[in-house]
Amino acid sequence: MIFGFSIAFLLTAALTVAGALAAALLKNLVHCALSLTVTFAGLALLYLQLDAQFAGFAQILVYIGAVAILVVFAILLTRGAGIAEYRGFSSSWLLGLSIAAATFALLGWAVIKSLPAETEASAAPAVTVQSIGAALMSSYVLPLEIVAVLLTVALIGAVIVAMPEPRTRKSGAESGGGQ
Amino acid sequence: MSLQASFWNNLDQVFVLLQHWIAGYFPVGLQSAVGTILAVVGILATFPGIFALTTVLERKGLGRIQNRLGPNRVGPLGILQPVADGIKSLTKEDIVPLSADAAVHFLAPVVLVVAVFLGYAVLPVGRNMVLMNMDAGLLFFFAIGASTELSIFMAGWSSRNKYSLLGAMRAVAQMISYEVPLLLSSVVAVMITGSLSTVKIVEAQSGFTGIFPHWYVFTPWGFAGFVLFVIAALAETNRSPFDLPEGESELVAGYFTEYSGFKFALFFLGEYLGMFSIAGFAITLFLGGWGAPLSVLGFVPSWVWFFLKLLAAIAFFIWLRGTLPRLRQDQLMNFAWKFMLPMTLLNLLVAGAWRFLGDGWLRWVVCSAVLLAAYVLLGRVLMRHQNLGARSYRYAD
Amino acid sequence: MLGEGMIKGLAETAKNFAGSFVSKERMTTVEYPEERIAPIENTRDFPFLVYDGNDPMTGLRCVACQICEKECPPKCIYIVKSTDKKPDFVGKMQIYPTRFDIDISVCMSCQICVEVCPFEAIKMDTEFELSTTDRFGGLLYDREQLSRSNEHYHKIHPTEAAEVDARLAEEKAKAEAKAKAAAEAAAAKAAAAAAATPKQAPKKEPGA
């Protein structure tokens, strides 16, 4: 136990922070995306260490299994495999640094303020998947349905955007110009 | 009688007893860690051994299906062929293309093998023989399965080769498309059991009526779920007839074109191990896991049943590979989204109806009728524009 | 119905699989090198030189005309003519090759040398298990290695060899007939000359 944190937590936190830094600083865009995946994995490990099994596995399933793949596909289909050119630091680095420091201070103050006065020996009651399911079906059923409708709308929108335009019966020049 | 029963019981638990006996030599604080390490060693020894056996069985099985002998030079009947294959792949030169992304190129097979081995942690191989009895075990397995797609993308992109990239994109598209039916078809088993833990799902199927087991595959929704799960599993592991990403006649070798020697062997290993773990999950979810097929055969050790079922599943996969032609990419995607997804959603409804119709013959009739009607109708609707019949040839004059 | 074709296909392959253990004639595999398929008569691999009789060097049919050397597309034949002559199968004195090398690593088995040889001296062998570990001349065959008897030729290409023998025998018979006719004509001429000279000789003798 170093600084009051367990070894496992320190290692996982170091991995997450290293991944996030690499995602921001690396030159190759696909390397950045893969480091972001490492960050997601580190977050999932943190959730698992807090005994939130569902959150941890859902993090892996959704973020690593879907979002990371989405990011790399987006990189692939838009930029190609070329190595990105960028300058090391932007010209307005002081402004960026001050905004980041202010955000970090705000978040840190909020987190520290929410910690309980004394650390309790007993953990919070375990939240099993069953209780999550029961809660989703009883007290949170309206948000669940709204999210489902939202997802359906997104799917239909994606299909419409990706669908090839139907050719009209008009002259070829017009449809050619329209396309 | 009790001596005989205790003998069979000990045989059933022989590996657990072995694990406890070895862990007993260590101080109390380390015992659970040692026990876990022993179980991990067991997994690492068993499943690559099954992989070696499968490569021989596959080559010989496919050969016999195709009216030829398989390899029969190395060892009696060619059993030691994997040794020769292993030595060959270890001694081949490891070529990395000059313009390839060396770090990602190196990490791709590693990520694949690590992710696949992690999936074995929640597979109950026998009674009390699971590495980690997690409450959300099934979710863990699917989450890890999603990580394997990333390694395929890494392999394809880092090779800087158009064939690899094309193969990788096709493979990832295929795997993502079939994840949805895979998960949905496994949800029925979870629904009826009421738990995501693989151990509980197996235990829920360990009852018997008369001599017949309570396996989920013997119910209408379970049978449909099993068939859909197996099809989705074949597509997830890029196995024939869904092996377009690695089809040799199409894309050189797809996303592992640029891999040689040991890295290729690692990809091969990862792919086959993934096939075993997903077959293991099909067995766990629908075929009763380590349960005996007839109650009179309950004395045979549970791990024997599991591995027999696994062997049967592997034989079935090899049989399918020898029979079916490869599916084209658009046929593959159509199949996933237009056939499998509606069927899995309908299966969810049918499983719910099964639960709420209560015991008796009514629920059997209703569920079977609904599923069969949906299958036939969907098949007719999707095939109405395809004029598949005897081939007619048109010759040039 | 959907899936019907798949079930039929699975049944077919299961039949194949089970049948492969039961009936031996299903399996088309020939387990080389324990089993071999007998080559057909027109098999050809690399050339060899035919000799008649028992001694390769005296019975060699090749007369070093060098036509095969000139016609060979990859130029794998190397011939050195002899300075003396030896009699061929019809008795005529011919030169013979002191060196006749074929590099079979270059030879492409096109059989052009066989087609152009006027003396039926070079034919195609059926031997193909010729690998050697000697990289520096193991596949360069000289005259002694290339010579095979006419009996060997009969064994590997019986029909062809019978034809060749028939043709050679015919030529030999024609040559012998011609020689006999020539001998008879010469004998007749000698007899006529002998009949002419005794008439003149007694006339001359009393005078001397």
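**View 1. B:Ser197 sits in the loop between α7 (162–193) and α8 (198–204) of chain B.** Keep in mind that this is a predicted model. Is B:Ser197 buried or exposed? With a relative accessibility of 1%, B:Ser197 counts as buried, because the cut-off for that label is under 20%.

View 2. Setting aside the neighbours within four places in sequence, B:Ser197 is in contact with B:Asn133, B:Met134, B:Asp135 and B:Gly137. One of these, B:Asn133, also has its side chain joined to that of B:Ser197 by a polar contact of 3.3 Å.

**View 3. Now for the place where chain A and chain B meet.** On the chain A side, 23 residues are in contact with 24 residues of chain B. Which residues of chain A lose the most area to chain B? They are A:Phe57, A:Leu61 and A:Leu76, and together they make up 27% of what that side buries. Between them, the two chains bury about 2100 Å², with 82% of it on carbon and sulfur atoms.

View 4. Between chain A and chain B, the rule turns up zero salt bridges. It does find three residue pairs in polar contact across the interface of chain A and chain B, both partners being at pLDDT 80 or more.

**View 5. Finally, the helices of chain A that touch chain B.** α2 (29–49), α3 (53–79) and α5 (129–138) of chain A each supply at least two residues of this side. α3(A) gives the most, with 14 residues. Sorted by type, the residues of chain A that touch chain B come out as 16 nonpolar, seven polar and no charged.

Terms used: Residues numbered from 1 in each chain as written. Chains lettered and ligands numbered in written order. Predicted model: local features only at pLDDT ≥ 70, side-chain atom pairs only at ≥ 80, totals over all residues. Heavy atoms only, no water. Contact = heavy atoms within 4.5 Å. Buried area = accessible area lost by both parts, 1.4 Å probe. Salt bridge = Lys/Arg side-chain N within 4 Å of Asp/Glu carboxyl O. Polar contact = N/O pair within 3.5 Å; in protein donor to acceptor, adjacent residues only side chain to side chain. Helix = DSSP H or I, 4+ residues; strand = E, 2+ residues; numbered from the N terminus. Nonpolar A, V, L, I, M, F, W, Y, C, P; charged D, E, K, R; others polar. Buried < 20%, exposed > 50% of the residue type's maximum accessible area, 1.4 Å probe, protein only.
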